[in-house]
Amino acid sequence: MAASRHGAATTARQWQVLSQLQRNRWVGTTHIYEQLMLAGFDISLRTVQRDLNALAKRFPIEKNNANPQGWRWKEDAPLQSLPHMNLSQAVAFNMVEANLTQLLPPAILDELFPWFDLARRQLKNSKVTHSWIDRVRIEPATQPLIAPHIDLESKDNIYHALFYQLQIKACYTRSNKTEASEYILNPIAIIQRGVIIYLLATRIDDPEAIIRTFALHRFASVEILESSAQTPDDFQLDSYLDAGGMGFTHPLLSQLPDHGKNTAIELTFTKRAGKSLTESKLSEDQVVTINDEDDTLSVKATVNLTSQLVWWLRGFGNGLLDAKPTLLHQVVLNQPASDDSAPSKTK
């Protein structure tokens, strides 16, 4: 019995030793020893060193020649060899579960649930983290809205059909109708815009195969068909979005060359209003100039001129003093475009 208890204690201790190791960073034996002491193991540093040398014979871990010595998982260590996840990984999985599960298909969620559960237990049981679950949040930059109710069976069937490229028969209520209609759809993509999730699809009764948007909360029922979904040959999701497929292209700004894509802009803010742009960029080529004489801040960047940009700039109110091109500033101020500011369309 004593030998059995000793063996169980050794297994539990060595499990904790392995759980402290990381894949891309060396962890010192002293740090591992301190973490085990915090977890309630009454051992010596020498015991930790012996454990690591013994474990290296069975697990893909390695040590360096530094002083003090460090240990880590080998770069090619298979995931199933990792008995635990470190705290940063647990936080990452917890944030994925909290914020991205609406977008992940059920087939992938089923595979991730054990990892989500492991992350929750890792964060909950750790005495060092002081409950990370209650200390980490992702806060939206815009006014938070309550997501509409989505029929879960319909959502799961849509994601399944999209994942396996199958057609669906759907009972769907359009925004301007009170009664549902039945459609057979070719699912193409899923897009989340704010709290609304949309399905991009074509209707099989449409000879032009126009790509349409269907809000997931408007599906009353969805049946997965055995027939394969048809996607337009030239469809690229990024190109579709860049072209304003989700209504992001402003009708006036579309008068600019190439519909306002990759346009050089210059924005002038009060220093207080534009301060955030010194920390987060509009574009990689952004240049910020602080003008101490008149207490203003100028930003030059290359961006796509979209409705989303207009809404964002309107949020600065009087803090936005000027914007170029002039047409952009007129749109932000909701002024009619003058003949001089609206360039002719290019072919």
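The model is predicted: local features need pLDDT of at least 70, side-chain atom pairs count only at pLDDT 80 or more, and totals for chains, interfaces and linings use all residues. Residues are numbered from 1 along each chain as its sequence is written, and side-chain values use heavy atoms, with hydrogens and water left out.

**Overall composition**

- The chain contains 9 helices and 12 strands; helices (H or I, at least four residues) and strands (E, at least two) are DSSP runs, numbered from the N terminus.
- Of the 347 residues in the chain, 37% are buried, where buried means under 20% relative accessible area, exposed means over 50%, and partly exposed lies in between (1.4 Å probe, protein chains only).
- Among contacts (heavy atoms within 4.5 Å) with a separation of 6 or more, 57% are between residues 24 or more positions apart.
- The chain has an accessible surface of about 21,600 Å², and carbon and sulfur atoms account for 50% of that surface; the areas come from the Shrake-Rupley method with a 1.4 Å probe, and for residues only the protein chains shown count as cover.

**Helix 6 and Asn157**

- The buried residues of helix 6 are Ser154, Lys155, Asn157, Ile158, Tyr159 and Ala161.
- Gln165 follows helix 6 and has a positive phi, near 55°.
- Asn157, in helix 6, counts as buried because its relative accessibility is 17%.
- Beyond its neighbours within four places in sequence, Asn157 is in contact with Val222 and Ile224.
- Asn157 and Ile224 are 67 residues apart in sequence, yet their C-alpha atoms are 6.3 Å apart in space.

**Helix 8**

- In helix 8 (residues 307–314), the buried residues are Ser307, Leu309, Val310 and Leu313.
- These buried residues fall within an arc of 160° when seen down the axis of helix 8, so they line one face of the helix; the arc is that of the directions from the helix axis to the C-beta atoms.
- The cover over the buried residues of helix 8 includes strand 9 (263–270), strand 11 (296–303), strand 12 (320–324) and helix 9 (326–332).

- An open sheet is formed by 3 strands in the order 1-3-2, with antiparallel pairing; two strands pair if DSSP finds at least two bridges between them.
- Strand 1 (27–28) and strand 2 (61–63) are the edge strands, each pairing on one side only.
- Strand 1 pairs with strand 3 (residues 70–73) in the antiparallel sense over 2 bridges, and Val27 has Trp71 in strand 3 as its bridge partner.

**Val303 and Ser283**

- Val303 lies in strand 11 and is buried, with a relative accessible area of 9%.
- Leaving aside neighbours within four places in sequence, the contacts of Val303 include Leu309 and Ser283.
- Ser283 is located in the loop between strand 9 and strand 10 (287–291), and counts as buried at 10% relative accessibility.
- Not counting residues up to four places away in sequence, Ser283 touches Ala301, Thr302 and Val303.
- The side chains of Ser283 and Asp285 make a polar contact (2.4 Å); this term denotes a pair of N or O atoms within 3.5 Å, where within protein one must be able to donate a hydrogen and the other to accept it, and residues adjacent in sequence count only if both atoms are side-chain atoms.
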